[in-house]
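Some notes on this model follow, point by point.

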Amino acid sequence: MTYVVTDACIRCKYMDCVEVCPVDCFYEGENMLVINPNECIDCGVCEPECPAEAILPDTESGLEKWLEVNTKFSAEWPNITVKKESPADADEYKGVEGKFEKLFSPEPGEGD
């Protein structure tokens, strides 16, 4: 099992999860974070920290797409271990449906 970041993170990118991760398995894209499933130790401390409720265990049904997204982009994006400021309009995107198709960017973020 591993945890995955879903599209609820897109344009929210709160980063509270980064601060609590004991193995630094988060990677930063331009407008969302992902988890490297090979580094995640399944501790679950990140899940309750996410204000957007974007982090879920991959054992929940229907998350195969998100496991693929997290695997692919954690190999391409830079590692992030320190919480940064969230986007100024993050709260406006919290709870918006269908963000992956409309707003996802494959571009890397800055990382640490």
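1. Cys 21 has 11% relative accessibility and so counts as buried (under 20% relative accessible area with a 1.4 Å probe and protein chains only; over 50% is exposed, and in between is partly exposed). Its sulfur lies 3.6 Å from the closest cysteine sulfur, that of Cys 25, which is too far for a bond.

2. This is a predicted model, in which local features need pLDDT of at least 70, side-chain atom pairs count only at pLDDT 80 or more, and totals for chains, interfaces and linings use all residues. Residues are numbered from 1 along each chain as its sequence is written, and side-chain values use heavy atoms, with hydrogens and water left out.

3. Cys 12 is also buried, at 0% relative accessibility. The closest cysteine sulfur to that of Cys 12 belongs to Cys 9, 7.0 Å away and too far for a bond. Searching the whole structure gives zero disulfides (pairs of cysteine sulfur atoms within 2.5 Å).

4. The largest nonpolar core has 34 residues (buried Ala, Val, Leu, Ile, Met, Phe, Trp, Tyr and Cys joined through side-chain atoms within 4.5 Å). Val 5, Phe 26, Met 32, Leu 33, Ile 35 and Ile 55 touch the most other members. Elements giving two or more residues to this core include strand 1 (3-5) and helix 2 (64-74) (DSSP runs numbered from the N terminus: helices H or I of at least four residues, strands E of at least two).

5. Beyond its neighbours within four places in sequence, Ile 35 is in contact with residues including Val 5, Phe 26, Cys 40, Ile 55 and Ser 74 (heavy atoms within 4.5 Å).
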